[in-house]
Amino acid sequence: LGEALRSQALHRRPRPEDVRGVWDAALPALANPDEAPGYGEEVPQAIGAQLPPELVRHVLDFAPYRYLVASVRDDGEQVTLWGPKGAHCVLRSEGLVVSGIEFVPPAGQILSWSAFGFAVVWDTFSCVLLHELQFLGAVDCVHVFPAGDRVVVCEKHRGLGIWSIASGQRLSSFAAHDASFAEVFPSGDRVVTWGLGGDLFVWDVAAGKLACRCVGHETNVYVVRVLPGGDRWLSGGQDGRSFIWGSSCEVMQEMRHEVAVVDVAVLADGEHVATVTADGEIDVWSSATGGMLSSMRAYGSLMEIVGVEAFPGGGEVLVAVTTDGAFTVNSTSGETLHSLASAPEWVLDVSIAPGGDMVVTCGNQGLNVWDARSGAKLYGIDHLDDCMLVGVGVGRVLDSSGFGCGAWDELGRL
């Protein structure tokens with residue numbers, strides 16, 4: 001493949017038609033998303049992995065940023081990246097059973113981690129493994145810092161660790177409780193952790209010590225989300241209560257429910273928060289007063305909620321997904337804007353694109369991509385094996401129509 005361009009590329013940048021020709025010749029099967037390989041088939045490596053190294057930098061000049069969808073097979077043994085034209089590549093690491101995936105900001109890399117104690121970082125263009133992180137033992141969570149340079153790791157029986165992605169070294173540790181979950185503040189200067197029991201622990205990353213402890217929940221905390229600005233955070237738990245906490249772990253607002261709170265969402269404006277209870281009720285609250293603004297029921301016969309997500313780009317819309325494959329797009333006033341019951345049955349995970357314009361669901365019948373605001377199905381990959389996890393990020397992807405003149409925004413839209 002490299003010989004097609006090597007002779008002319010060593011001394012000058014390749015022309016768009018050169019790269020396009022190689023791409024079209026190398027991956028003709030991916031011209032139609034409906035013909036994209038399934039998990040049981042071999043997926044070709046991305047074009048970036050096949051070009052000579054000296055060409056990759058030049059080829060990137062012609063590769064626009066596009067949305068990438070990452071899906072994890074239900075056995076956890078492989079991650080597939082899907083681009084605009086179908087399967088981009090399969091990421092495999094020997095012995096890695098994937099427990100979670102996360103796109104690394106600002107763009108162009110993805111991290112997959114295993115509860116058995118290690119993580120790998122891949123380049124989304126070339127699909128080349130960039131970094132390996134070997135932790136000190138089993139882990140319960142791994143989250144990337146907003147700057148994309150570090151990860152926080154919930155190390156089982158060891159507390160909390162901060163690791164460098166580039167060096168793979170442990171930078172610092174906290175004598176934390178046995179944390180099972182963590183959330184990094186947008187500023188990257190603090191991390192909140194929780195596990196069994198009702199308390200939240202907020203850690204000062206630079207000082208390497210506990211900043212404050214949030215006491216209020218009577219039983220297990222299920223979920224925590226940080227509000228815009230980073231000076232407040234929202235929690236929900238088994239005791240049917242939700243709290244908005246202040247910067248010193250003081251209770252600013254308390255919202256009570258009759259049953260357990262299984263998920264929460266923070267809208268982009270920071271003025272609205274949403275809670276989801278075990279009986280399928282979605283309540284929208286004022287973050288300033290703690291007053292309820294609206295209440296709605298999740299659409300779907302099972303009323304078992306995978307989660308509620310707030311659109312990143314607009315603070316007025318929520319997406320609710322139930323395990324039976326239905327989801328709704330709702331306004332904060334309680335109005336259902338769209339109801340969709342045709343997603344694959346038994347949805348196991350849902351992700352919203354960074355721009356808030358696309359929803360991806362995955363489950364036992366494959367992966368589906370939806371226009372979040374109109375409710376229209378954009379495309380589906382129905383012949384996959386069971387899909388366990390899904391994420392949406394931004395990366396550079398070549399495709400046969402990706403050349404020419406145009407203006408692109410930071411999310412890869414023409």
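Trainee: Which residues sit on the faces of β29, and are they buried or exposed?

Mentor: Both faces of β29 are covered: Met 358, Val 360 and Cys 362 on one side, and Val 359, Thr 361 and Gly 363 on the other, are all buried. Buried stands for under 20% relative accessible area, exposed for over 50%, and partly exposed for what lies in between (1.4 Å probe, protein chains only). Strands are DSSP runs of E with at least two residues, while helices are runs of H or I with at least four, and both are numbered from the N terminus.

Trainee: What should I know about the model and the numbering?

Mentor: This is a predicted model, in which local features need pLDDT of at least 70 and side-chain atom pairs count only at pLDDT 80 or more, whereas totals for chains, interfaces and linings use all residues. Residues are numbered from 1 along each chain as its sequence is written, and side-chain values use heavy atoms, with hydrogens and water left out.

Trainee: Back to β29, then. How many of its residues are buried?

Mentor: Six of the six residues are buried, so β29 is largely enclosed by the rest of the structure.

Trainee: Which sheet does it belong to?

Mentor: It belongs to an open sheet of four strands in the order β28-β29-β30-β31, with antiparallel pairing. The edges are held by β28 (347-352) and β31 (377-381), each with a single partner strand, so one side of each has no neighbour in the sheet. On average, neighbouring strands are turned by 15° against each other, direction ignored. For such angles, axes are lines fitted to C-alpha atoms, for helices over the stretch in contact, and angles run from 0 to 180 degrees between N-to-C directions.

Trainee: How many bridges join β28 and β29?

Mentor: Five bridges join β28 to β29 (residues 358-363), in the antiparallel sense. Two strands pair if DSSP finds at least two bridges between them. Val 347 stands opposite Gly 363, and Ser 351 has Val 360 as its bridge partner. The hairpin of these two strands has five residues between them, and Gly 356 takes a positive phi near 80° there.

Trainee: And what about the pairing of β29 with β30?

Mentor: β30 (residues 366-371) pairs with β29 over six bridges, again antiparallel. Met 358 stands opposite Asp 371, and a hairpin of two residues joins the strands.

Trainee: New topic: how many salt bridges are there?

Mentor: The count comes to eleven salt bridges, where a salt bridge is a side-chain nitrogen of Lys or Arg within 4 Å of a carboxyl oxygen of Asp or Glu. One of them joins Asp 140 and Lys 156 at 2.8 Å, N to O. Asp 140 lies in strand β8 (residues 139-144) and Lys 156 in the loop between β9 (150-155) and β10 (159-164), so the pair ties together parts that are 16 residues apart in sequence.

Trainee: Are those two buried or partly exposed?

Mentor: Asp 140 is partly exposed at 26%, and Lys 156 is partly exposed at 30% relative accessibility.

Trainee: Which residue does Glu 77 meet?

Mentor: Glu 77 meets Arg 73 in a salt bridge at 3.8 Å, N to O. Arg 73 is buried, with a relative accessible area of 14%, whereas Glu 77 is partly exposed at 44%.

Trainee: Which residues form a network?

Mentor: Arg 256 and Glu 254 form a salt bridge at 3.1 Å, N to O. Salt bridges with shared partners join Glu 218, Asp 239, Arg 241, Glu 254 and Arg 256 into one network. Arg 256 is exposed at 59% relative accessible area, and Glu 254 is partly exposed at 33%.
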